[in-house]
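Please keep the sequence and the coordinates in view while reading.

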Amino acid sequence: MVVVDSLSKRFGRLQVLKDVSATFEAGKVTAVVGPNAAGKSTLMKSILGLVIPDGGTVTIDGMPTLGNPTSRARVGYMPQEPRFPDNLRVSELFDFVQDLRGEHPSGLDALIDEFELRPHLAKPLRVLSGGTRQKASAVLTFLFDPNVLLLDEPSAGLDPVASSRLKDRILDERDSGATVILTSHVMSELEELADEVLFLLEGTVRFRGTIQSIRDRTGENRLERAVAHLMTNGVAA
């Protein structure tokens with residue numbers, strides 16, 4: 001479980017997060033939605049520890065994250081645009097990350113096959129397509145048996161087969177008790193995956209509830225139109 005309490009963050013004159021509080025429960029997929037610059041990525045990076053908040057706290061399974069890297073030992077993060085050393089081969093990337101963590105999980109081969117990366121293991125990362133890089137990112141995200149998953153536009157660039165396998169893996173992790181926090185601009189993807197929606201607007205929480213509750217509140221049957229309604233008209237949480 002991830003608990004965010006009164007989180008605030010400013011970059012210069014821009015207040016990106018304003019007293020954001022939310023609980024992300026184990027065994028659920030929570031979609032964080034909102035327009036560009038709503039604070040979604042800053043919230044994700046604050047949970048991960050890549051952004052230090054100006055105020056408020058984040059705990060993961062009861063452990064505070066600030067100054068406590070061990071709290072994130074079982075967090076899997078899949079960014080929208082993975083950035084890896086271009087000179088490494090795919091197999092070397094996997095070896096490097098495992099050596100860095102001091103762990104060599106037994107599930108690596110299965111993940112490589114699941115995301116059809118075996119033909120690419122000897123290739124340098126610089127020659128790979130964006131979709132293939134994303135597959136490598138997916139392997140690293142799930143490799144260390146995470147109990148918290150932070151997924152930022154995870155299907156970006158993936159072909160339909162890889163996207164379907166990624167979604168199946170996300171749902172399997174949820175059913176195994178993982179806490180999943182997901183952002184995506186593809187509303188049909190969120191309808192397929194999400195149990196709850198957290199709507200951010202101008203750095204504040206404006207709505208929190210199930211997919212059905214957001215439909216009921218806005219009077220829209222499709223999630224895309226319901227979120228558009230919130231962006232246009234605003235609904236208090």
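Does Glu173 count as buried or exposed? At 12% relative accessibility, Glu173 counts as buried, where buried means under 20% relative accessible area, exposed over 50%, and partly exposed in between, with a 1.4 Å probe and protein chains only. The model is predicted, so local features need pLDDT of at least 70 and side-chain atom pairs count only at pLDDT 80 or more, while totals for chains, interfaces and linings use all residues. Residues are numbered from 1 along each chain as its sequence is written, and side-chain values use heavy atoms, with hydrogens and water left out.

Glu173 forms a salt bridge with Arg169, with 3.4 Å between the closest N and O atoms; the term denotes a side-chain nitrogen of Lys or Arg within 4 Å of a carboxyl oxygen of Asp or Glu. The two residues, Glu173 and Arg169, are four residues apart in helix α5 (residues 160-175), and are therefore separated by about one helical turn. An α-helix has 3.6 residues a turn, so residues three or four places apart point the same way. Helices here are DSSP runs (H or I, at least four residues), as are strands (E, at least two), numbered from the N terminus.

Helix α5 itself has 16 residues and reaches 22 Å from its first C-alpha to its last, close to the 22 Å expected at 1.5 Å a residue; the expected span is 1.5 Å times one less than the number of residues. After the helix comes Gly177, with a positive phi near 105°. Besides Glu173, the buried residues of α5 include Leu166, Ile170 and Leu171. The buried residues of α5 pack against several elements, among them β3 (28-33), α4 (130-143) and β8 (179-183), contact meaning heavy atoms within 4.5 Å.

Arg83 and Glu81 are both exposed, and their side chains meet at 3.6 Å, N to O. Between Arg206 and Glu202 the corresponding N to O distance is 3.8 Å; Arg206 is partly exposed at 25% relative accessible area, whereas Glu202 is exposed at 52%. Salt bridges that share partners also join Glu25, Lys28, Glu196 and Arg208 into one network. The count of salt bridges comes to 20.

Thr218, in helix α7 (residues 211-218), is buried, with a relative accessible area of 9%. Residues up to four places away in sequence aside, Thr218 touches Ala226, His229 and Leu230.
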